[in-house]
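Please open the structure in your viewer and keep the sequence at hand.

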Amino acid sequence: MKLSQFKFKLPEDQVALYPPHRVFENEDGTVERVYNRDQCKLMVLHRKSQTIELYKKDAEGKDTQDIKTFRDIMDYFDEGDTFVFNDTKVFPARLFGTKEKTDAQIEVFLLRELNEELRLWDVLVEPARKIRIGNKLFFDGEGPMVAEVIDNTTSRGRTLRFLYDCPHDEFKKELYALGSAPLPRYIVDKRPATADDMEQFQTIFAKNEGAVTAPATGLHFSRELMKLMEIRGLNFAYITVHCGLGCFDPIEVEDLTKHKMNSEQMHVSAEACQIVNDAKQTGHRICAVGISTARATETAVGTDGLLKEFDGWTNKFIFPPYDYGLADSLITNFYHPESTMMMATAAFGGYDLVIEAYKLALKNGFMFGCYGDAMLIVND
């Protein structure tokens, strides 16, 4: 397929800058937001019948005027069905420092730690043209945090050595105290990250640290919803995919077969395989929660359609036409034009059906992006 087949006009006011919430104005005029993870809008696509559900139904089974909310996913699954979640944990990756001598403000985006003993980190810097090998950056905090640029990796990439003499745990604590939630650029260009974001931009089941952006679809799951799912007899399997920034990289080729995804580290345990495979072999549904999970399970699925243990990296890029080998249901968000997440969604639900869903979403005020509304694709 071609890149231009995923192009559409997305109004700025339909890009979600906050998670689903209600706004209250206090007596002093300040605004308070109360967040509701599982109260975003939900659209349901039926893959085989090529139909789309948008509205809740009344007691007679007729459509009402109320659009479905995320908790309505409960209506589409039965006891024994299994959800596969990504339990990666986001760390506060965006820091701001000042360059020595000039005091120019520099944004430093932490990607991953390269060497624990030497305090080496792979980072992105902005503006990159001002940062060269040998430059020192100073960070305001309780202690004297200083970093030296020791290598160039890409046009914006640098290797930093943090000059901070203390035990590693203390260093990480001090480093993270300087950072903020790594919200996507399309959000932080509109408003600064807040303390709330470090909680809201994290799934409630986050466990294994290493992501620099959240597995966004997982953000919709509240503790209350997951308890209801557990009571219904639904099973949960957890895999780890450390989400990187590759999903936000613009695709610069019209022919999608020529695009290369950045690699992400992933781990699929024996326990996850057993839960998923037991469900599949007994005729129950497997639902991948989010595109990162779908890409990872497609990396680790065998030719027999069962999930295999995996510990390594994946750069799997999914776009139509593509036959998914494991999951028969998918939950995802509505994403930006020409994004890899939109393409993987179209590969699962079918290009024509997903494009129609996106048109309906635009018409009905659905919100797009990591904090946006959700889509469920089922195989009936």
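The lining of the second largest cavity consists of 6 nonpolar residues, 2 polar residues and 1 charged residue. To display this lining, select Pro19, Pro20, Arg37, Gln200, Ala216, Leu219, His220, Cys370 and Tyr371. The space they line amounts to about 60 Å³. Please bear in mind throughout that the model is predicted.

**The largest cavity**

How many cavities of 30 Å³ or more does the structure hold? There are 2 of them, and the largest has a volume of about 210 Å³. Select next Ala214, Cys247, Ile291, Ser292 and Met341, which are the closest to its centre among the 18 residues of the lining.

H6 gives the most, with 3 residues.

**Helix H7**

Remain with H7 and select its residues. Are they mostly buried or exposed? Of the 10 residues of H7, 10 are buried; among them are Thr340, Met341, Ala344, Phe348 and Gly349. Then step just past the end of H7 to glycine 350, where phi is positive, at about 95 degrees.

**The open sheet**

Now select the strands of the open sheet, which has 9 strands and mixed pairing. Their order is E4-E3-E21-E20-E18-E7-E16-E17-E19. Strand E4 (51–53) and strand E19 (310–314) are the edge strands, each pairing on one side only. On average, neighbouring strands of this sheet are turned by 20 degrees against each other, direction ignored.

Within the sheet, focus on strand E18 (residues 286–289) and strand E20 (residues 329–333), which run parallel and are joined by 3 bridges. Which residue of E20 is the bridge partner of cysteine 287? The partner is serine 329.

**Helix H5 across the sheet**

For the last stop, select helix H5 (residues 270–281). H5 lies across strand E7 (82–86), strand E16 (235–241), strand E17 (264–268) and E18. Viewed against E16, H5 runs at about 135 degrees.

Conventions:
Residues numbered from 1 in each chain as written. Predicted model: local features only at pLDDT ≥ 70, side-chain atom pairs only at ≥ 80, totals over all residues. Heavy atoms only, no water. 1 Å grid on protein atoms, 1.4 Å probe; cavity = no way out; pocket = protein on both sides within 12 Å on 5 of 7 lines; lining within 4 Å. Points joined across faces, edges and corners; volume = space filled by probe spheres on them. Helix = DSSP H or I, 4+ residues; strand = E, 2+ residues; numbered from the N terminus. Nonpolar A, V, L, I, M, F, W, Y, C, P; charged D, E, K, R; others polar. Pairing = 2+ DSSP bridges. Axes fitted to C-alpha atoms, helices over the stretch in contact; angles between N-to-C directions. Contact = heavy atoms within 4.5 Å. Buried < 20%, exposed > 50% of the residue type's maximum accessible area, 1.4 Å probe, protein only.
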